[in-house]
Amino acid sequence: MHTEDDMGGTGTGTDTGGAGTPARGGAERPGPEAADPMVSVRDVVRTHGDGPAAVRALRGVSFDVPRGELVAVRGRSGAGKTTLLNLIGGLDRPDAGRIVVDGVDLAGLGEKRMARLRRDRIGFVFQSFGLVPVLTAAENVGVPLRMRKVPWREREERVDLLLALVGLREHAAQRPGELSGGQQQRVAIARALANRPSLLIADEPTGRLDARTRETVMDLLRAVVDGEGVTVLMTTHDGDLQARADRVFELRDGLVVEDGAPPEREAGTPPREADGA
Ligand SMILES: Nc1ncnc2c1ncn2[C@@H]1O[C@H](COP(=O)(O)OP(=O)(O)OP(=O)(O)O)[C@@H](O)[C@H]1O
Ligand SMILES: [Mg+2]
């Protein structure tokens, strides 16, 4: 059983090992059972606005995101994808239903604890990158570390590792305006991984990118999952990207209509082993 104090512990940021190594199940962060899903959503309802103008964005959504997988949510514009991600990321609250992230029931968290959960366990990547224009790539990646008051030396090392992970070490001193769209999104992913989140939430991370750059960003997200053990939950309209996910859910009119069957793969690409262990 962990208390909310486990979330803000300074003891979680001591190793300088793998760039995005999540602290899950390890000694340093007592957490949920490894077999528990990273995200569990049950009967979640969210209505925007009220009265005749009310929009029932989610009408009773249930699904799980298993640990260590790349899960994609698809669905037409307005289907409720962003609403769902915002709820899971603790940026919004459901009207009904239950959301558990990394063993923590979000309903039990006040604003402060929710903010700490977001900071320490969840990384966010948005379609619009969201980088600070006046900061260099390295400084942008370091922002979450500054917020946690990580000492300068440790911060520099971690930023360097993260930039290497996303293949942008040579571009550390450039500002977002001096980087391509794909490079900016890679900086945003590095920043999202800074605090070693258990879960990376990405809302249309490739929405603004051309086909080739989309591939690069998808390669990186796959590497984050396969190499760093981070769980990724993303939305995308792109069928090619969905094909590279471990699981795809479809949202339609506020309901999950397709329950995560792994998508078809290109010939020659072996499916990931279903691990029951
Ligand atoms: N803050 C809000 N106030 C009122 N209605 C909203 C709000 N946010 C979302 N909605 C409505 O809720 C529904 C779901 O929106 P949402 O943004 O979750 O869809 P989406 O699947 O992410 O779409 P897209 O693919 O265009 O990003 C839409 O009908 C939208 O108009
Ligand atoms: Mg959206």
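The buried residues of helix α4 are covered by elements that include α5 (152-165) and α6 (181-193). Contact here requires C-beta atoms, placed from the backbone, within 7 Å of each other. Helices (H or I, at least four residues) and strands (E, at least two) are DSSP runs, numbered from the N terminus. The model is predicted: local features need pLDDT of at least 70, side-chain atom pairs count only at pLDDT 80 or more, and totals for chains, interfaces and linings use all residues. Residues are numbered from 1 along each chain as its sequence is written, while chains are lettered from A and ligands numbered from 1 in the order in which they are written.

Helix α4 spans residues 137-147. Its buried residues are Ala137, Ala138, Asn140, Val141, Gly142, Pro144 and Leu145. A residue is buried if 20 or more other C-beta atoms, placed from the backbone, lie within 10 Å of its own, exposed if 12 or fewer, and partly exposed in between. Lys149 is exposed, with 8 other C-beta atoms within 10 Å. Its phi is positive, about 60°, although Lys149 is not a glycine. Most residues other than glycine have a negative phi. Asp43, also not a glycine, has a positive phi of about 50°. Asp43 lies in strand β1 and is partly exposed, with 13 other C-beta atoms within 10 Å.

Strand β1 (residues 39-48) pairs with β2 in the antiparallel sense over eight bridges. Pairing requires at least two DSSP bridges between two strands. Arg46 stands opposite Leu58 in β2. Helix α2 packs on the sheet and touches β1, β2 and β4 (96-101). The direction of α2 makes about 120° with that of β1; axes are lines fitted to C-alpha atoms, for helices over the stretch in contact, and angles run from 0 to 180 degrees between N-to-C directions. The open sheet has four strands in the order β2-β1-β4-β5, with antiparallel pairing. Its edge strands, β2 and β5 (104-105), each pair on one side only.

Asp105 belongs to strand β5. This residue is exposed, with 11 other C-beta atoms within 10 Å. Leaving aside residues up to four places away in sequence, Asp105 touches Arg98 and Val100. Ser40 is 65 residues from Asp105 along the chain, yet their C-alpha atoms are separated by 9.2 Å.

Five of the five residues of β8 (residues 231-235) are buried, so the strand is largely enclosed by the rest of the structure. Thr231, Leu233 and Thr235 point one way, and Val232 and Met234 the other way. In a regular strand the side chains alternate between the two faces of the sheet. Strand β3 (residues 70-74) runs parallel to β8, joined by four bridges. Ala72 has Met234 as its bridge partner. Strand β7 (residues 199-203) also pairs with β8 in the parallel sense, over five bridges. Ile201 stands opposite Leu233. Together β7, helix α7 (residues 211-228) and β8 make a right-handed β-α-β unit: with the strands pointing away from the viewer, the path from the first strand over the helix to the second runs clockwise.

Residues around ligand 1 include His48, Val55, Lys81 and Thr82. The criterion is a C-beta atom, placed from the backbone, within 6 Å of the ligand. Helix α2 (81-88) and strand β2 (55-65) each give two or more residues to this shell. The largest share, three residues, comes from α2.

Technical notes. Contact = placed C-beta atoms within 7 Å.
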